[in-house]
Amino acid sequence: MKTNSRALAFAAGAALLFGCASQAPLRDMTPGERPPEDTDEAGLWTALDEAELSLQRSPLLIRDPALNAYIKKMVCDLAGDYCKDIRVYIIRRPYFNASMAPNGVMQVWTGALLRSENEAQIGFVLGHEIGHFLHQHSIKQWRRTKDIMNALSILQLLAAGSGTQDAYDIFDVTQVVAIASLYKYSRDAERESDTEGFERAVKLGYRADQGALLWQGLLAEDNARDRNKPSGIFATHPATEERMTTLREAAEAFADAGSRTGEDAFQLATEPFFASWLEDEMGRRHYPQTIVLLDRLQQRALGKHLAWVEYYRGELFRKRRAGGDDKRAIDAYRAAMRVPGYPPIAHRDLGYMYRTIQMPSQAAAEWRQYLKLQPDAADRATVEHYLSEATGAAHANR
Amino acid sequence: MRIVDRWRVGVLAIGLMALLSACGAPPGLVRPNEPTKVARILNVTSPIEWARFRFFNGELWTVDGTALNRMLYLVNIRDRYHVFGLGKATKRRPDGAFYRTGMDASEIEAVLRDGFTGLGLVNVKTANLHPVRIGDFTAFRFDVSFDVGSGLHYLGNVTFFERREKLNMIWYSAPAEFYHPRDAEAVDQLLADLQIRK
């Protein structure tokens, strides 16, 4: 039985080696070219082209021409000759994410746009995705996964044929190692793309420290998460701390490279969506993370943006209802109201806050102000209902 | 970078099917203009016929299939429980679409909106929140619209009220094309004739 196990272990190692070594070479990337028809990559592209058609019909797509043109131009500036090979899709999702498919489909999620402070930061993210495209990471990973899964299938058959417990144990261990090696490859690809994104952004004159600043903000959010962190070995991307440190070191080496942040242009392009992206973020109801994000947004927010940040801070505390949140909510609504052009709904929701803590006269004053500022409010009947309840004219049914 | 939980919709759909098959009585029929007791606390008279599925805290009615029209009754949602039955708020999971007794109507509207998004619906919009009188109860109603992954656009409304410190809701939705316009008037009449047991 011992000999049998050793033989199986040998077979496992050999099969894995075979699996890892059998990858077809990558094609030379030439702008405007598709992979040759007789390759596995062409088959993958055909499937991805079909997926792209579904993506084009997705209700999650942000179709605003101005925002799409703005992001597409950034991608073109970063991608150079490969501009025409990349199609950008902005997806309404409140999470930090962007992705790149081998056929040139780039997805940018609104959570990434909300978390970027300027062009330099989103430029780093877009450059990172372009890095995945140019280094053909997806196709490498796809082939590697196929090869490893094939090797594991053979091993599983061998283990079943041997009929010993040792063989199954060795197979289990081999399976874990093989899958972990896939994740390691993914982390290496992320590092390579980080470097690519950094270099492309710096080459366009963007400030070199912006990628690290973005990751610093994301790390702070990640640390505020209210669930256990995932295991390091199976994290699909490098730990954010490691990533931030690497980018910071790179930024120090290129400190004099450029001074451009593109903050004004970025604010202008995202202005029409800022409030709705914040509302989507609130909808996640992951309040510890959102507080960190709001703190970061507050530091750079001006004018109406600042009013929205304070308003949603008020909303967060009103909805969370932890100890002391009522005062925090009131302070935040009041801070929003100090900004010219603040949203009138701040009065309405401050009124609801006062109602919750049983301060009816203050609540009534806020609701009156809301209806004065927004006489044609769609929820006027509801506010009037609570207003009459607060003034004692209505009877409650609770 | 992060990948979002697209599987949630599938899990919920499976959960709903399991719920219906495991806990529910066999599908029944709601006959036109016959008063029907729903979940022990509602009396409903509908001008049109519906297929009816019962489960432990509510009922699901449909005319042509749940993807084409759906009237969902959920009753007795308790303090700190998820509005769509996804468990209770805990120290580890304090923030979510959880109902809290005493919420104002706009808060409940927001919780339900976030709950819809959590179910995998997209571009969820709510509007026109207003009080409606049902017997001795003050209920509230708002319009809701949303899209599903296939791109189909839905319209509908939600009526909700608190009874014995628990939340109860009736959610009607149907595709904006054909099905909603066809049944909207009948649904309005059903909601207008609604009775709530004290």
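The contact between the chains draws 27 residues from chain A and 26 residues from chain B, with two residues counted as in contact if their C-beta atoms, placed from the backbone, lie within 7 Å. Keep in mind that this is a predicted model: local features need pLDDT of at least 70, side-chain atom pairs count only at pLDDT 80 or more, and totals for chains, interfaces and linings use all residues. Residues are numbered from 1 along each chain as its sequence is written, while chains are lettered from A and ligands numbered from 1 in the order in which they are written.

**Chain B's side of the contact**
- Strand 7 of chain B gives the most, with seven residues.
- By class, this side has ten nonpolar, eight polar and eight charged residues (Ala, Val, Leu, Ile, Met, Phe, Trp, Tyr, Cys and Pro count as nonpolar, Asp, Glu, Lys and Arg as charged, and the others, Gly among them, as polar).

**The sheet in chain A**
- Three strands make an open, mixed sheet in the order 1-3-2; strands pair if DSSP finds at least two bridges between them.
- Strand 1 (87-91) and strand 2 (98-100) of chain A are the edges, each pairing on one side only.
- Strand 1 and strand 3 (residues 105-109) of chain A run parallel, joined by five bridges.
- A:Ile90 sits opposite A:Val108 in strand 3 of chain A.

How values were computed:
Helices (H or I, at least four residues) and strands (E, at least two) are DSSP runs, numbered from the N terminus.
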